[in-house]
Amino acid sequence: MLDSVDAAIVRELQKDARLPNKDLADRVNVAASTCVVRHRSLRERGVITGYHAEVDLAAVGRPVQAIIAVRVRPHTRAIVEPFMDYVLSLPEVLAMSHVAGPEDFLVHVAVADTPHLQRLVLDRFTTRREVSEVQTNLLFQHVRKHTVPPAGSDGARDRWS
């Protein structure tokens, strides 16, 4: 669990990972030296796993997004792991999830246009021997939360337990 200072640091860095230490310390009401030690500890403990730049997909020529639901057969480790490696190697893939339920994978892609999406599905997914079913869902809008509070810090555990 994170204490209130660690949780505040994580919250502020999720809003702006480029925040200078002095400004971060001011926002969480601790000394700059304390803040740098806490920030380092969060990285060393694996709470903060990295930093990235968010990109406007339309600005880089990939305005069309979809979720491709994929079922593979047989659903075994010998099939699943190489399939995941293959899918993650595709330049159109933003993310993928191995899930329980009627599908085995949900693959989030971004492409230039719908003909590109069609080629991706037909040439990269349905041609694979282990793929038994594919369902494509076009995304009208994709919105992602930029901050995730630690469990219990928002009262959700108490409300839903």
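A residue is called buried when its relative accessible area is under 20%, exposed when it is over 50%, and partly exposed in between (1.4 Å probe, protein chains only). By this definition Glu-130 is buried, with a relative accessible area of 12%. The structure is a predicted model, in which local features need pLDDT of at least 70 and side-chain atom pairs count only at pLDDT 80 or more, while totals for chains, interfaces and linings use all residues. Residues are numbered from 1 along each chain as its sequence is written, and side-chain values use heavy atoms, with hydrogens and water left out.

**Annotated domain**

- An unreviewed UniProt entry lists residues 2-63 as "domain: HTH asnC-type"; UniProt positions follow the numbering used here, feature names are shortened, and annotations may be inferred rather than shown by experiment.
- The span of residues 2-63 is 53% helix and 0% strand, and its end C-alpha atoms lie 38 Å apart. Helices (H or I, at least four residues) and strands (E, at least two) are DSSP runs, numbered from the N terminus.

**Salt bridges**

- Side chains of opposite charge can pair when their charged atoms come close.
- The whole structure contains 12 salt bridges, each defined as a side-chain nitrogen of Lys or Arg within 4 Å of a carboxyl oxygen of Asp or Glu.
- One of them pairs Arg-38 with Asp-6, whose closest N and O atoms are 2.9 Å apart. This pair links distant parts of the chain, 32 residues apart: Arg-38 belongs to helix α3 (residues 32-44) and Asp-6 to helix α1 (residues 4-15).
- Arg-38 is partly exposed at 24% relative accessible area, whereas Asp-6 is buried at 6%.
- Arg-77 and Glu-81 form a salt bridge with an N to O distance of 3.0 Å. Both lie in helix α4 (residues 77-89), and because they are 4 residues apart there, about one helical turn separates them.
- Arg-77 is exposed, at 64% relative accessibility, and Glu-81 is partly exposed, at 41%.
- Arg-128 and Glu-130 also meet in a salt bridge, at 2.8 Å from N to O. Arg-128 is partly exposed, with a relative accessible area of 24%.
- Salt bridges with shared partners join Asp-3, Asp-6, Arg-38 and Arg-45 into one network.

- His-108 is located in strand β3 (residues 105-111) and is buried, with a relative accessible area of 10%.
- Neighbours within four places in sequence aside, His-108 is in contact (heavy atoms within 4.5 Å) with Gln-65, Ala-66, Ile-67, Glu-92, Val-93, Leu-94, Ala-95, Leu-139 and His-142.
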